[in-house]
Amino acid sequence: MLLLTAGAFVSKSQIPMFWRRWMYHINPLRYVMEGLLVNELHDSRIVCRPQEFYVFEPPASTSCREYAGAWIAKAPGYINNLDAFSGCQYCPYAIGDEYTNTLTWYYVHRWRNFCIFLGFIIFNVMFVLFVTRIYKVNKR
């Protein structure tokens, strides 16, 4: 259940409302995966493989640059063949941050995520020590 509500395999918007309201936010794996993924993908260049491109056709006698140039300047991703007159190839991500932003995971949260996970570990160790001490004291 922790993996399913962490937001990496299933986006936050696709998690059922009951789980999204509370489990998504208290799930320690979410913070670990977010921290690792944003750290790894930050500012890394994305190069789409041929089967990953979205292909669209511009109007007749219009290049991909003329048809979609103004749009791609504002949109994430890139067009692989701007000078082509047919079969424009669009890749939705140009850098890794564009992908992590779709998950609402941001690079500026990396230290917050680290501290939350560290707090989770410390809490669990302290809890185990506390419960062990109580159990041992009651057995005497």
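Student: How many salt bridges does the structure hold?

Tutor: Welcome! This is a predicted model, where local features need pLDDT of at least 70, side-chain atom pairs count only at pLDDT 80 or more, and totals for chains, interfaces and linings use all residues. Residues are numbered from 1 along each chain as its sequence is written, and side-chain values use heavy atoms, with hydrogens and water left out. A salt bridge here is a side-chain nitrogen of Lys or Arg within 4 Å of a carboxyl oxygen of Asp or Glu. Under that rule, the number of salt bridges in the structure is four.

Student: In which helix do Glu34 and Arg30 both lie?

Tutor: Their side chains meet in a salt bridge, 3.6 Å from N to O. Helices are DSSP runs of H or I with at least four residues, and strands are runs of E with at least two, numbered from the N terminus. Glu34 and Arg30 are four residues apart, about one turn of the helix, and that helix is H2 (residues 28–41).

Student: Is Glu34 buried or exposed?

Tutor: Buried means under 20% relative accessible area, exposed over 50%, and partly exposed in between (1.4 Å probe, protein chains only). Glu34 has a relative accessible area of 0%, so Glu34 is buried.

Student: Which salt bridge does Glu34 make with Arg112, and how many residues apart are the two?

Tutor: The side chains of Glu34 and Arg112 meet in a salt bridge at 3.5 Å, N to O. The pair links distant parts of the chain, with Glu34 in helix H2 and Arg112 in helix H5 (residues 110–139), and their separation is 78 residues.

Student: Which residue forms a salt bridge with Glu52?

Tutor: Glu52 is partly exposed, with a relative accessible area of 34%. The closest N and O atoms of the pair are 2.9 Å apart, and the partner is Arg49.

Student: In what order do the three strands form their open sheet?

Tutor: Strands of a sheet pair through backbone hydrogen bonds, either parallel or antiparallel. Two strands count as paired if DSSP finds at least two bridges between them. Here the pairing is antiparallel, and the order is E1-E3-E2.

Student: Which residue is the bridge partner of Ile79 in E3?

Tutor: Strand E2 (78–79) is one of the edge strands, pairing on one side only. Two bridges join E2 to E3. In E3, the partner of Ile79 is Tyr90.
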